[in-house]
Amino acid sequence: MTMASSPLSGSSSSSHSGRHGRVRLVSSSQQQRFRPWRGPGRSSPTSTWVAMAKAREASEFLAGERVANLKDGAAVDGPDLSVTVNGIKFPNPFVIGSGPPGTNYAVMKKAFDEGWGGVICKTISLDAGAVHNVTPRYAKLKAHDNKQVLGWQNIELISDRPTEVMLAELKQLKEEYPDRVLIASLMEEYNKDRWDELIGRTIETGVDALEINFSCPHGMPERRMGAAMGQDCELLQDVTKWIADASTIPVWAKMTPNDINITSPGRVSLDNGIDGLAAINTIMSVMGINLKTLRPEPSVEGYSTPGGYSAAAVRPIALAKCMSLAKMIRDEYPGRSLSGIGGVETGKDAAEFLLIGADTVQVCTGVMLHGYPLIKTLCGGLQEFMEEHDFKSIDEFKGAALPYFTTHAELYRMQEEAIAAKKAAKVGLKNDAEWTGDGFQAETDSMVSNN
């Protein structure tokens, strides 16, 4: 890696600048609490042509996509893809979304090596022993050609790995990749002491930011966690205040799309000092019924449960939710951030989120379908879009589409005005009786098609 500075502080010192001042990362005595997993050493740099081949082989879906040349996540040539969000510099706007692609040291290391702009780990809680995942836990909705995956359902829970192991691996990653952006996803019960403990222990690892999971649709609702908390603005009022008070680094609140008005929990979060929002998490769904077995999918011992829906089919819903949040942030909370999530598989998919005001774009299911080398074509596709419009940086077009969203009543008013203006212009003549002597030349010109 070429950069020597921390993405937050801009220097190689052992402290971060947070919202509440500078905080020391880990003392020598504290380091003894961590037992990092000693995985294989970091891989040597891969030549450009090998990286391109890997990206193209990642998935048949990516055939023909432009491949970016990246070094430590930054574009070596072409338009600049870097963004600065809540004081953190990302080499590109693409962030691994919380889930299986960030479930342990090995896969997060892989993401950094491939060039992802940031990584969010799978959600951590204090009581991993209460998390019991099942298999199979996924189901696909395919197009009629039975090839392209349009939708993806999961019934997966948060991390089932011991908290101390996940924290040790986050610490190891920050030691090995000090200039790359690492974000910890957290979820807890309605208990201030537990939030204080989890946030404090997580910040000690040196992560750059926190993302709070207020949105997993099947995330242990019996304990008022995940979406069960994120959809209850009274609970959210207390919890977001606890989190903002406890954290010395930026915090994003991840919103659920299963709330009719996503701006309500978003507003509560921002009012209480949360630095940014992330949206959307998965949509509550039943993937389907197997017409041979007559059982729901995914089937575990013949039974199933509703789970979270993602992949390409959710992108229009995600764009609508992000648009609402982006307008709220623009009008009421300037300077706060938005991380867009939902169905992104190409750079041009991502451009749509950036155009409606997102600062970063998260990808989770896309990585599960196409592999970590997807980052090369995501960046390449985004650069291609930028070159088509002569954009040199993401700041030049971020939010450019947002002013063009309005109400249906306003659409009708504007259209009526346009129709009236066209009638007033009176282009052409209806019949020979309308010709006049004085305006003969202009009347003739009004009926010429190739002026």
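Predicted model: local features only at pLDDT ≥ 70, side-chain atom pairs only at ≥ 80, totals over all residues.
Helices here are DSSP runs of H or I with at least four residues, strands are DSSP runs of E with at least two, and both are numbered from the N terminus. With that in hand, let's walk through the protein.

Residues are numbered from 1 along each chain as its sequence is written, and side-chain values use heavy atoms, with hydrogens and water left out.

The secondary structure comes to 14 helices and 20 strands. Of the 451 residues in the protein, 51% are buried. Buried means under 20% relative accessible area, exposed means over 50%, and partly exposed is in between (1.4 Å probe, protein chains only). The protein exposes about 20700 Å², and carbon and sulfur atoms supply 52% of that. Areas like this come from the Shrake-Rupley method with a 1.4 Å probe.

Now for contacts, meaning heavy atoms within 4.5 Å. If you take the contacts with a separation of 6 or more, residues 24 or more positions apart account for 72% of them.

## Two pairs of helices

Two packed helices are described by the angle between their axes and the distance between the axes. The axes are lines fitted to C-alpha atoms, for helices over the stretch in contact, and the angles run from 0 to 180 degrees between N-to-C directions.

| Helix pair | Axes come within | Crossing angle |
|---|---|---|
| Helix 3 (residues 105–114) and helix 4 (residues 163–176) | 10 Å | roughly 25° |
| Helix 9 (residues 315–332) and helix 10 | 9 Å | roughly 20° |

Angles under 35 degrees count as roughly parallel, over 145 as roughly antiparallel, 65 to 115 as roughly perpendicular, and the rest as oblique. Helix 3 and helix 4 are therefore roughly parallel to each other. Their crossing is right-handed. A crossing gets that name if the near helix is turned clockwise from the far one by less than a right angle, and left-handed if anticlockwise.

Which residues meet where helix 3 and helix 4 come together? From helix 3 there are Tyr105, Met108, Lys109 and Phe112, and from helix 4 there are Glu169, Leu170, Gln172, Leu173 and Glu176. Sorted by class, this contact has 5 nonpolar, 1 polar and 3 charged residues. For the sorting, Ala, Val, Leu, Ile, Met, Phe, Trp, Tyr, Cys and Pro count as nonpolar, Asp, Glu, Lys and Arg as charged, and the others, Gly among them, as polar.

Next up are helix 9 and helix 10, which are therefore roughly parallel to each other. Helix 9 passes helix 10 in a right-handed crossing. On the helix 9 side, the contact is made by Arg315, Ala318, Leu319 and Cys322, while helix 10 brings in Asp349, Glu352 and Phe353. By class, that gives 4 nonpolar, no polar and 3 charged residues.

Is alanine 358 buried or exposed? Alanine 358 counts as buried because its relative accessibility is 1%. You'll find alanine 358 in the loop between helix 10 (347–355) and strand 20 (360–363). Leaving aside neighbours within four places in sequence, alanine 358 is in contact with Leu338, Gly340, Phe353 and Lys398. Alanine 358 and glycine 340 are 18 residues apart along the chain, and their C-alpha atoms are separated by 5.5 Å.

Phenylalanine 405 sits in the loop between helix 12 (374–388) and helix 13 (408–425). At 36% relative accessibility, phenylalanine 405 counts as partly exposed. Not counting residues up to four places away in sequence, phenylalanine 405 touches Met323, Lys327 and Ile356. Phenylalanine 405 and lysine 327 are 78 residues apart in sequence but 9.2 Å apart in space, C-alpha to C-alpha.

## Backbone details in the loops

Where does proline 136 lie? Proline 136 is in the loop between strand 8 (118–120) and strand 9 (138–142). The peptide bond from threonine 135 to proline 136 is cis, with omega near 0°. Another cis peptide bond runs from glutamate 297 to proline 298, with omega near -10°. Proline 298 belongs to the loop between strand 17 (296–297) and strand 18 (307–310).

Leucine 294 isn't a glycine, yet it has a positive phi of about 65°. Leucine 294 is in the loop between strand 16 (288–289) and strand 17, and at 63% relative accessibility it counts as exposed. Aspartate 390, also not a glycine, has a positive phi of about 60°. Aspartate 390 is found in the loop between helix 12 and helix 13, and at 54% relative accessibility it counts as exposed.
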